[in-house]
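This report describes a protein chain for a reader who is new to structural analysis. Please keep the sequence and the model in view while reading.

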Amino acid sequence: MAFVLDQNQSLELYEQMLTIRMFEEKAIELFEHNLIRGNVHPCIGQEAVSVGVCSSLRRDDYMLNTHRGHGNCIAKGADLKSMMAELLGKATGYCKGKGGSMHIADFEGGNLGANGIVGGGIPIAVGAGISIQNRGTDQVVACFFGDGATNQGTFHESLNLAALWKLPVIFVCENNLYALSTPVREAISISRISDRAIAYGMPGISLNGNDIIEVYTKTKEAVERARAGKGPTLLDCITYRFFGHFTGDPGRGITYRSKEEMDQWLNRCPIKQFKERLFQEKIMTEEAGKAIEANAKVSIEKAVQFAKESPFPSPEEAVQDVFFEIM
Ligand SMILES: Cc1ncc(C[n+]2csc(CCOP(=O)(O)OP(=O)(O)O)c2C)c(N)n1
């Protein structure tokens with residue numbers, strides 16, 4: 001796909017993808033040292049989808065996330081310190097340490113939160129779309145979900161309403177080819193998830209989710225369509241998670257995926273491919289690449305330090321923020 005970004009934008013996208021990768025590598029390490037409770041669902045390998053989609057959005061646009069959502073939060077502009085603190089269950093985290101890895105919300109940055117219920121965020125995105133339409137703004141909603149979620153009833157009901165009412169929603173399937181240990185080919189009888197869009201009367205596009213430029217370009221078109229009041233689009237971003245379903249998955253998912261398949265996808269790493277392209281097209285020098293890497297490393301180290309030094313919430317906090325208080 002032809003290059004459509006200027007030098008600064010390109011380097012910015014590269015840095016974001018790298019930051020997501022390094023943030024998650026650190027999160028896995030902290031989990032292994034028992035500093036993160038619950039679980040971590042890494043999106044390593046899927047960074048081009050997060051960054052390609054979110055870089056096409058404005059800060060006041062909305063985003064609905066999933067259990068595998070650290071990358072999407074970072075790409076939507078989350079503060080790394082508040083995120084890491086949330087992962088460690090600290091009071092300074094985005095949800096005061098009560099949400100953890102799977103439930104990070106940042107209303108100011110347009111992140112309406114993640115959902116541990118597969119497909120649970122999709123109808124909420126439709127609700128946000130109705131709110132935008134009622135308020136008459138030109139915001140849009142990006143709604144992330146996995147291939148497994150497209151078999152939930154919520155997906156079908158939501159796409160139908162969104163198309164019918166021409167809501168400004170971009171439905172983004174992070175199609176990493178597996179729902180837990182179930183391969184998509186054993187769960188869906190059609191080969192392209194984007195074909196499901198036809199049934200509801202909206203455009204559907206399957207694309208290379210490991211090519212950041214392709215994700216960015218196709219999302220941009222969908223965003224323009226939504227902002228112009230022409231309704232939703234379904235993007236099927238085909239990608240792969242390099243790790244297992246979660247940190248407890250043995251051998252990064254080797255019990256249900258072949259080594260050959262995993263190696264093939266490692267070769268198609270979105271960050272490696274983009275980096276090579278930036279070198280080839282002389283957009284990034286060797287030196288600039290190293291500086292970006294060092295920068296990302298420092299930001300993550302600062303976030304870890306902040307999170308470690310922050311206090312846990314007090315026990316009384318457990319019963320606070322349960323109900324929303326209307327002034
Ligand atoms: C309604 C519901 N059913 C089952 C689960 C258990 N579960 C958690 S993640 C997951 C797989 C989801 O797969 P997919 O939507 O493809 O997303 P991915 O994990 O691949 O990113 C399942 C079955 C759940 N959380 N919610």
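## Overall architecture

The protein chain contains ten helices and eight strands; here helices (H or I, at least four residues) and strands (E, at least two) are DSSP runs, numbered from the N terminus. This is a predicted model, in which local features need pLDDT of at least 70 and side-chain atom pairs count only at pLDDT 80 or more, while totals for chains, interfaces and linings use all residues. Residues are numbered from 1 along each chain as its sequence is written, and side-chain values use heavy atoms, with hydrogens and water left out.

Along the principal axes, the C-alpha atoms of the protein chain fill a box of roughly 55 × 50 × 40 Å.

## Contacts, surface and charge

Contact means heavy atoms within 4.5 Å. Among contacts in the protein chain between residues at least 6 apart in sequence, 74% join residues at least 24 apart.

The accessible surface of the protein chain comes to about 15,000 Å², and 54% of it belongs to carbon and sulfur atoms. Accessible areas come from the Shrake-Rupley method with a 1.4 Å probe; for residues, only the protein chains shown count as cover. The chain carries 34 positive and 40 negative charges, whose mean positions are 2 Å apart. In this count Lys and Arg are positive and Asp and Glu negative, without His and the chain ends; the place of a charge is NZ of Lys, CZ of Arg, CG of Asp or CD of Glu.

## Buried regions

A residue is buried under 20% relative accessible area, exposed over 50%, and partly exposed in between (1.4 Å probe, protein chains only). Of the 327 residues of the protein chain, 52% count as buried. Helix 2 is mostly covered, with eight of its eight residues buried; among them are Glu47, Ser50 and Cys54.

Ser158 lies in helix 6 (residues 153–164). This serine is buried, at a relative accessible area of 5%. Apart from neighbours within four places in sequence, Ser158 contacts Ile122, Pro123, Val126 and Phe171.

## Salt bridges

Side chains of opposite charge can pair when their charged atoms come close. A salt bridge is a side-chain nitrogen of Lys or Arg within 4 Å of a carboxyl oxygen of Asp or Glu, and the whole structure holds eleven of them. One of these joins Arg58 and Asp138 (2.7 Å, N to O). The pair links distant parts of the chain, 80 residues apart: Arg58 is in the loop between helix 2 (47–54) and strand 1 (62–65), and Asp138 is in the loop between helix 5 (121–135) and strand 3 (141–146). Arg58 is partly exposed at 30% relative accessible area, and Asp138 is partly exposed at 37%.

Another salt bridge joins Lys96 and Asp321 (3.1 Å, N to O). These partners are 225 residues apart, with Lys96 in the loop between helix 4 (80–87) and strand 2 (111–114) and Asp321 in the segment after helix 10 (286–309). Lys96 is partly exposed at 35% relative accessibility, whereas Asp321 is exposed at 52%. Asp195 and Arg192 also form a salt bridge, their closest N and O atoms being 3.3 Å apart. Salt bridges with shared partners join Lys96, Lys98, Glu317 and Asp321 into one network.
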